[in-house]
Amino acid sequence: MFGTVAVLLYPFGVAVALYEDTPRIPPNWVPWATPALDEDPTWLAKYQISRLHGDADLCFAALDGSHLEYNRLDDRPMDNGCGVTARTEILQSNIPYSAGFESPCALAAGLYWYEQRLNVIAEEHLGSSVARIEHFGTYSCRNIYGRENARRSAHALAEAIDIAGFRLMDGTEISVLRDWDDKGPKGLFLQAARDEACRFFGPVLSPDYNAAHANHFHLELGSFGLCR
Ligand SMILES: [Zn+2]
């Protein structure tokens, strides 16, 4: 049986780890496995998070298998195109946030995973890990860009977070608005932070997209969409 699975997955570049005599495929290489949010993400991560968004039980099982501390809140019932399902509040994650927020379980799962990558690239570019994520929130019952005749924003379902910047452990402040065009390590870190977000979310919109995103990254749950 295992041989068959391995052969089927081989074309996808599955890595097989050997523990004693029992071959084990790391779960993040297996599309139908519960994602292991404390292990390195693979190219399947965005698909896995979308899957968690469609299956609340699976999503909470993934959170329970990680070190994320969270509260499950009552759903915000759908009303006039606004509401939140699998509603979750992060209590303690890898990186603290500038303010508490609610989100669907899958956004919390994706952020928990993304934070681990943020710390890696912050160390690479700036020699310090991230102490705090500055953000403008998730839930907002409104249309895109607040326009009257537009469709509902992903924020109406709390399916997106707007990230404005980062504070590092060494005290360095990095702002999307101020540092996006920086040619030094801060700018390179922000570009890498945007690119890493695209491994977990889609669409991901940054100052490269339009002036409405000059001061934040918009990270939205989804398997497709722009990374810009
Ligand atoms: Zn947004």
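**View 1. Contacts of Ala 108 in the predicted model**. Leaving aside residues up to four places away in sequence, Ala 108 touches Leu 63, Leu 68, Tyr 70, Thr 88, Ile 90 and Ser 103.

**View 2. The largest nonpolar core**. This core has 50 residues, and Ala 108 and Ala 109 touch the most other members. At least two core residues come from each of several elements, among them helix 2 (45-54), helix 3 (56-64), strand 8 (130-137), strand 9 (160-168) and helix 6 (185-197). Helix 4 contributes the most, 12 residues. In soluble globular proteins, nonpolar side chains tend to be buried together.

**View 3. Buried and exposed residues of helix 3**. Cys 59, Ala 62 and Leu 63 are the buried residues of helix 3. Seen down the helix axis, they fall within an arc of 100 degrees and therefore line one face of helix 3. An α-helix has 3.6 residues a turn, so residues three or four places apart point the same way. The buried residues of helix 3 pack against helix 2, strand 3 (69-72) and helix 4. Exposed Asp 57 and Asp 64 sit on the face of helix 3 turned away from its buried side.

**View 4. Packing of helix 4 and helix 6**. The two helices pack at an angle of about 155 degrees, with their axes 9 Å apart. Because of that angle, helix 4 is roughly antiparallel to helix 6. Their crossing is right-handed. On the helix 4 side, the residues that meet helix 6 are Tyr 114, Arg 117, Leu 118, Ile 121, Ala 122, His 125 and Leu 126. Helix 6 meets them with Pro 185, Leu 188, Phe 189, Ala 192, Ala 193, Glu 196 and Ala 197.

How values were computed
Residues are numbered from 1 along each chain as its sequence is written. This is a predicted model: local features need pLDDT of at least 70, side-chain atom pairs count only at pLDDT 80 or more; totals for chains, interfaces and linings use all residues. A nonpolar core is a set of buried Ala, Val, Leu, Ile, Met, Phe, Trp, Tyr and Cys residues joined through C-beta atoms within 7 Å. A residue is buried if 20 or more other C-beta atoms lie within 10 Å of its own, exposed if 12 or fewer, and partly exposed in between; C-beta atoms are placed from the backbone. Helices (H or I, at least four residues) and strands (E, at least two) are DSSP runs, numbered from the N terminus. Two residues are in contact if their C-beta atoms, placed from the backbone, lie within 7 Å. The arc is that of the directions from the helix axis to the C-beta atoms. Axes are lines fitted to C-alpha atoms, for helices over the stretch in contact, and angles run from 0 to 180 degrees between N-to-C directions. Angles under 35 degrees count as roughly parallel, over 145 as roughly antiparallel, 65 to 115 as roughly perpendicular and the rest as oblique. A crossing is left-handed if the near helix is turned anticlockwise from the far one by less than a right angle, and right-handed if clockwise.
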